[in-house]
Amino acid sequence: MSELRQRQICENMEQTGAGWVWGPHSQLSSQDWGAAMYPSTHTSIDSEGRNGVIEDDRTGSMVEALKRDFTHNLFFAQGKFRAIATKNDFYMALACTVRDRQLYRWINTVETYLKRKEPKVVCYLSAEFLLGPGLENSLINLGIYDEARQAIDKLGLDLDELIEQEPEPGLGNGGLGRLAACYMDSLSTLEIPAVGYGIRYEFGIFTQDIRDGWQVERADKWLRLGDPWQLPRPEATVEVNFGGHTEAYTDDQGQYRVRWVPAQVVKGVPYDLAMIGYKVNTANTLRLWKAEAPESFDFQEFNLGDYYGAVHDKVISENITKVLYPNDEPVQGKQLRLEQQYFFVCCSLQDMIRIYLQKGGSLNHFHETFAVQLNDTHPSIGVAELMRLLVDEHHMDWEEAWEVTRKTFAYTNHTLLPEALERWPVKLFGSLLPRHLEIIYEVNRRFLDEVRLKFPDDPARIARMSLIDESGERYVRMAYLATVGSHAVNGVAELHSLLLKETTLRDFYELWPEKFLNVTNGVTPRRFLVASNPRLARLATEKIGDGWMRHLDDLRKLEAFVDDGGFRDECQRIKLANKQDLAGHIQKQAGITVDPQSLFDVQVKRLHEYKRQHLNVLHIITLYNRLKHDRNVEIVPRTFIFGGKAAPGYFMAKLIIKLINSVAEVLNKDPDVRERLKVVFLPNYNVKQARWIYPAADLSEQISTAGYEASGTSNMKFAMNGALTIGTLDGANIEIRDAVGHENFFLFGLTAEDVRAKRAAGYHPGDYYGSNPHLREAVDLLGSGHFSQGDANLFKPLIDSLINYDPYLLFADYQSYMDCQEQVSQAYQDRDGWTRKSIFNTVRMGKFSSDRAIREYCDKIWNAKPVKVELNESYPSDAI
């Protein structure tokens, strides 16, 4: 078809709604329609086409190329035309259009890495990748957001509606999974060769409903309407063994060997997603593994009438990747979680070895190609698995295999909580992974010999450091295995890293001080500022250009505008507009009307007692009591916004959710207080909901007990969006306070050292309850049944725990928190002064970009360097 005829077709498509019309109103012949929909040249003409600008439909970034590719994908990928297409069809067509451009970079990235002799590849092993919706973020990173909006507008559709249509893949629970997603974004943006490895959960973290104030869990059917981003790679399927026994034998060279004879074999099938960097050509891979049975259907069993037996293996195998974090209270739940962790680690290490051997070379140098990061203890079984693969499967000597293993792995610890440092009963572990238990025993024997050499005659130390806890029922200590089997161990905030060395891993630090270091967490500004807060991002770009999106420290240039009244006014208008957006979202989701002029006081995060959502509630009840005593008392109007999920088996956390909703029900109906205090619990908090919340918050509640939060990342996201923080000296709060200025942070509470000292001296929470009348009044009102329709027993477990134990020192911090909240109220009355503080919070957050964190990992731990990817302009026409 001639170029002139192509131009005519494009012009005609523009006039008729970009080719949607089919029938008597269309001026195109059927031959021309086919050519327009799928031209043999794979080129499209932009609105500038009259000047000769021609782009490939599947890779071009101009409006017309995007329109044409969208039309092709609706027609050929979805099999729909406009008259019968649903909103989901339109979303899928746009997602496929974006994916075409991702694949272009992805293929070029893989080819570039293969051509390089030995690029150092970072392999990030994580049980969670809380990616969030992919469409909007991909448009931003590809640099085609504005062009896509124009293209969709010209097609008579609404880009915002299509973005909202995308389901969120619930492949993570909270900060751990979101951090992994941020790091994949930054690895690609910084052009670091990387592969993320995780699990393709069929049902992710549960969907949270609130019924009668209680959390109710529903299956998260995120794959129900299909997912356009994943590409199955069945040709890279691997086998994973479970159970059975081991057999010793002597090989042909007379070497002692062990073979594992499994009771069950499961297939691991990889699904790949492209992780596109921001305005670079790099697209790294996230590979998620799905469990399948080697034979999904037993035809003989079926013919015998055993219809369930015919699919039994399929059901048992696929349970492994069925759901994220099954309830591990029953032993079956514990076994399934261990199966999940081993499954994805085994698949991933086999995959790395396959790739390495395909390129040639000896496994003795495996660690020179792959830097494997263990994101918390979930993948720590990888230490034993790599040893098994090297020693049993590839017949490497033990000492050499151990050297390779330790140089390959690095371990990030994310918690100081003893219950979160995973331990597996030896009996369960041995029944599921018999060979790995043997390997761990041998690792432990050699390790403890090393400890004895440095610390002779210290049996207590040996018992403390052993990989096997033998103080009662015997357990395998997975955090210790990760520490012993890694060349580097890092915490995720300065305080956390210090406490790791002083408490949780003190014995290991004394043995290997050179192993330990800190890399403070970070978050990607592309998702949590550019995508979430486009008004503020646009203002920043108007003032200083868009370089800050890659170099967040550049936001400090905005400090030059802090004294500009017009700039502060614009910041206030942006905050109000964001709050109005959130108010509309709250009305839609919860049916509650809130005042955007009130102070939006926000605490959204996973529910846990140490995060102290119930301390926030005690403040609300105290304010409520104040208003009930004197309706005329001056109180700054506040809207308290909560969100977060509790683990299904965590009763106390679920009771706190019920508490929040019960208090909300009373306050929001009480005419004495409802115009000045509102309480909202937004159900099913996730990355998608965060888009509404972070930009609208005035106050960020980061009130965990000092010494318990490893880092936190919501504190960074809120501050990045201009919220002021009220918080303890815990996790990354300390570094945020130092960065934004102490005067721009509301500090209260005990320090981590104070907490330890108070506990050591004997902490008696009842003394605080007895001596503080406001605390006692709040607790007594809660216990009276006032917030539970007269049921005085509903919250009794929570009240008894606080008065008798108070494990996270709420009562000790109560008065300090009340006093600090009074400072917040006073500060908020000076809106101009508050805005100044808000601006300083945003512009001084450069340190907390995930780009900075990844640079530190590359320099301190991985020794990984950027690899520039150039696009092959001849793709895809001569790809073969």
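Buried means under 20% relative accessible area, exposed means over 50%, and partly exposed lies in between (1.4 Å probe, protein chains only). This is a predicted model, in which local features need pLDDT of at least 70, side-chain atom pairs count only at pLDDT 80 or more, and totals for chains, interfaces and linings use all residues. Residues are numbered from 1 along each chain as its sequence is written, and side-chain values use heavy atoms, with hydrogens and water left out. Side chains of opposite charge can pair when their charged atoms come close.

**Salt bridges overall**
- The structure holds 67 salt bridges (a side-chain nitrogen of Lys or Arg within 4 Å of a carboxyl oxygen of Asp or Glu).
- One network of salt bridges links Glu399, Glu442, Arg445, Arg446, Asp449 and Arg452.

**Aspartate 212 and lysine 658**
- These two residues form a salt bridge, with the closest N and O atoms 3.9 Å apart.
- Aspartate 212 lies in the loop between strand 5 and strand 6 (214-218), and lysine 658 in helix 26 (residues 651-667), so the pair ties together parts 446 residues apart in sequence.
- Helices (H or I, at least four residues) and strands (E, at least two) are DSSP runs, numbered from the N terminus.
- Lysine 658 is buried at 8% relative accessibility, whereas aspartate 212 is exposed at 66%.

**Aspartate 272 and arginine 233**
- A salt bridge joins aspartate 272 to arginine 233, with the closest N and O atoms 3.2 Å apart.
- Aspartate 272 is buried, with a relative accessible area of 3%, while arginine 233 is partly exposed at 26%.
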